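Could you walk me through this structure, starting with its charged pairs and moving on to an interface and a helix?

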Amino acid sequence: MLAELGQISIIIALIFALLQSTIPLLGVMRHKPIWMFASVNFARGQFIFLLLALFLLGYLFYLNDFSVLYIAQNSNSLLPVQYRISAVWGGHEGSLLLWIFMLSLWTVAVTQFARHIPITMRAQIISVLGLVSVGFLLFMILTSNPFDRLLPAAGEGRDLNPLLQDPGLIFHPPMLYMGYVGFSVSFAFAIAALLSGRMDSAWTRWARPWALLAWAFLTVGILMGSWWAYYELGWGGWWFWDPVENASFMPWLLGTALLHSLAVTEARGIFKPWTVLLAILTFSLCLLGAFLVRSGVLTSVHAFATDPKRGLFILILLFITVAGSLILYAWRAPRLVGTGQFTLVSRESGILLNNILMGAAALCVLLGTLYPLILDGLNAGKISVGPPYFNKVFVPLAGASALFAAIGGISKWKKDSFSRIVSKLWLALIAAVLCAALLPLIFYDSYSIGALFGLMLAFWVFFSSLKAAIDRWLSPARINAGFFGMIVAHIGVAVFITGITIVTAYGWQKDVALIKGKSIQYKSVEFVLLSLSQHQIENYNALIGHVRVSRNGEEIALLKPEKRRYIAQPDNAMTEAGIQAAWYGDWYISLGEPLDSGGWSARMQYKPFVRFIWGGALLMALGGLFAAADRRYRRRRIT
Amino acid sequence: MKYFIPLLIFLCLTVFLLIGLKLDPRLVPSPYINKPAPSFSLSRLDNQSIAVQRDDFLGKTWVLNVWASWCRACLDEHPLLLSLPKNINLVGLNYKDDKTDAKNWLLRWGNPYSLSLSDTDGKVGFDWGVYGVPETFVIDAAGVVRYKHIGPLQENDINEELLPLLKRLSTPQ
Amino acid sequence: MIYRYFLFVLLLIGVAVADGFEIIEFDNKQLENRYQVLLQELRCLVCQNQTLADSGAGLAKDMRVVVYDMINKGHTNDEIIQFMVDRYGNFVRYEPPFTLKTAVLWLMPFIVVLLMILFIPKFVRQQQAVSLNDAQREQAKKLLK
């Protein structure tokens, strides 16, 4: 009964979406204000029924209704209640419902918070968002319906994948989707700008906070994914260049370029076609990501259960959306002529450089992800593209981009001079070199070229951002939220680079044989297995070990690695790492296999400053939020 | 005109994505196609004292099928192997298996092989680039690998690929 | 349907022993480092989303033993990688080779950066041609009063 109600809800939502995508656009073309204003009601209608559908699905999970196929595939009566709810987005169908819900959430937000935008443009934006909704709703209803019945009902569910039974699943997908879907708003703004043929750049001022918000959410979503993989998967890595990771990273890279380009277009009225293109491409990459993850075209540890029919549908959706927008772009963009000029040494130039480097970085990730497919399609053999490639191509590009970020806060619009920039930043450069040289001596005992370069880059970004902030503080101009956000975000970049550099250069790992009571020495620490015991917890059986790490007899960490067997999937042994976290480093141990001698093989790792990676990313997101809150975006038009 | 470039690039990309839907990203093709088969020396499953070498097979096209008694999918393709024409020299590579289990399996389900070789530790399979079971190779009279099929053989694999290939290789050029 | 069984078998080999790693002893630290690095560069063919270092699959174990033996016998990293590539093709390496076919992969991003950077001065001049400079702006202001 409830499942059928859910079915009806999503169909009604589709009807609203159809109305939302057509009537307001017609209203713009035929100058009928009522039709344009109706966009708000259609958007709200769609939202209410999607909210209802989502709630119903969650409730059905709570009730353990295994007569619904999706629930039978992804849940189990032993599953703790919080994971039963988050299992809603644990599989393909439900995550699609979440995606569509988020889209309507953003749409309603636009109706609510963008009232200062002229109604014609607003109507176009909401219509475009409606069109995207229609596409995804059709996809879900026709090929991936979460409310499909399983008759006769299963006695027990297959259970949620143990790897997903973790707080990470509760937050990571929603955050990620908020970001992914959020970029549809800046996309809709860009399309509306092309459709209306407006020459001015007012739309960029309106679009910018939406892009910043989406970017901030995407940043948090990605960093949560990385953090979750780190503590959940047991191998201690935080990024694998897996196709699905790349699928989220590409829009992030272009989204970063978009944020910077929007700043230029808003301030100086130039780069207009480029900004529009970036907005279109960023969202296109979000759609491409959805395709890659759900079509089975690439192998990934993240990929949802795949089906070529679904893949074809998403591809058609992707094709219509992107080809349509790019045709509109090719037709209308030549009209968007910029009216400002700038010199070779200026903030505009710096941002242009950032865009080129971020664009090239995004291209690198795109090529790396798709090249195996391209060569296979051309019958030219099968290759793998993994971390070694990205380390050699991506890292230099991203590093160069960070190099110039430092200059961004200092340089002047329109016309600046090389000597002025040097006079502002020479102190920062010296401080950076000094800190990079001294830090390793304080904490560790060795040098590495890579670490030196990385730390120099990090400190360079940090000190130059500090300098920009101090200069602004001392000047008569106020520090508005936008500027503050930039400083915080750039410092976040510095923190991020520091984390990566140190953990890569000074982290270590050692495979050991843990035997109860036997102490092992390595790199000035000793570790010993104190105990190993079986416990039954909720829906799994765990073998929990206690491992003490000490230096000079003093305990510095007590780790509790586990091996779990979930009752519903007894053939799967899952490893849960024992981690002791601190801001300056983590101790990390994961169990391997039982040894014939009675002990267990284990991998011991030390990860210095690894938390800086996510801390830095969090600062970046925070910076984005601050910038979005800038009062100049909330000023109402007096018309 | 330059504004059309993004569209053109995207159209090319779509073509590849469309092609990609038909491909299987997990398949690892063999680097031995059109190259000499790796050499080996293994004992027969039915008689441990007899050693068989790669070069023993020169002069006639032969088919190597990698199988094991613990392999569920091998059972699926087994009836098709039994129904292959008798003039095909089907040789089994018993991969990482217990000899008794293997012999019992053949007794129970039928033996389509002219002979089976014992690759108990999987070293020969490794040299041949085997990474899953079952796999099937076609080697021509000169000892060159001409074809590899990954996974259980199905009717149309046999009818549309295997048999025509064997026919081509047997007819004198 | 049949393919599902095949994959199931592959998975069985992979999952039956979860994260397995053997305890490997080397004579000196350098060899051990080489071993660790090599294992990260090679891809497991069964659990295709894991490096040879992390995979618990039976085939991965066998391959690790081969790498171990080859290092101890004095082979270079290149020789060991080539040994694997001979048997499994370039799929087994995480670093794609640099050949004519992969030139685009390796070089395109850098070429794009180079081309665009060379294009910047031209773009700057284009902008200046299209827009008003300060003197012209003053003139326009006067005319529009």
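Helices here are DSSP runs of type H or I with at least four residues, numbered from the N terminus. With that in hand, take helix H6 of chain C, which spans residues 134–144 and holds both Glu138(C) and Lys141(C), 3 residues apart, or about one turn of the helix. Keep in mind as we go that this is a predicted model.

Glu138(C) and Lys141(C) form a salt bridge, with 4.0 Å between their closest N and O atoms. That value sits at the cut-off, since a salt bridge calls for a side-chain nitrogen of Lys or Arg within 4 Å of a carboxyl oxygen of Asp or Glu. Of the two partners, Glu138(C) is partly exposed, at a relative accessible area of 44%, while Lys141(C) counts as exposed at 53%. Elsewhere, salt bridges with shared partners link Glu4(A), Asp65(A) and Arg149(A) into one network.

Asp471(A) and Lys467(A) are both part of helix H15 of chain A, residues 449–474, and they stand 4 residues apart, about one turn of the helix. Their side chains meet in a salt bridge at 3.2 Å, N to O. Lys467(A) is partly exposed here, with a relative accessible area of 28%.

Now for a pair that reaches from chain to chain. The side chains of Asp62(C) and Lys96(B) come together in a salt bridge at 2.4 Å, N to O. Asp62(C) belongs to helix H3 (residues 58–72) of chain C, and Lys96(B) to the loop between strand E4 (89–95) and helix H3 (99–109) of chain B, so this pair joins two chains. Asp62(C) is partly exposed, with a relative accessible area of 26%, and Lys96(B) is partly exposed with a value of 26%. Over all chains, the count comes to 26 salt bridges.

Let's turn to where chain A meets chain C. Here 60 residues of chain A are in contact with 50 residues of chain C. The two chains bury about 4,500 Å² between them, and 63% of that area is on carbon and sulfur atoms. Between chain A and chain C there are 4 salt bridges. Arg603(A) and Asp54(C) meet through their side chains in a salt bridge of 3.0 Å, N to O.

Which elements supply at least two residues each to the side of chain A that touches chain C? They are helix H12 (347–377), helix H13 (387–408), strand E1 (508–514), strand E7 (569–576), strand E9 (585–594) and strand E10 (600–608). H12(A) gives the most, with 12 residues. By residue type, this side of chain A divides into 33 nonpolar, 17 polar and 10 charged.

Our last stop is helix H9 of chain A, residues 243–268. This helix has 26 residues and reaches 37 Å from its first C-alpha to its last, close to the 38 Å expected at 1.5 Å a residue. Because 24 of the 26 residues of H9(A) are buried, the helix is largely enclosed by the rest of the structure. Just after H9(A) comes Gly269(A), which takes a positive phi of about 70°.

Terms used. Residues numbered from 1 in each chain as written. Chains lettered and ligands numbered in written order. Predicted model: local features only at pLDDT ≥ 70, side-chain atom pairs only at ≥ 80, totals over all residues. Heavy atoms only, no water. Buried < 20%, exposed > 50% of the residue type's maximum accessible area, 1.4 Å probe, protein only. Contact = heavy atoms within 4.5 Å. Buried area = accessible area lost by both parts, 1.4 Å probe. Nonpolar A, V, L, I, M, F, W, Y, C, P; charged D, E, K, R; others polar. Expected span 1.5 Å × (residues − 1).
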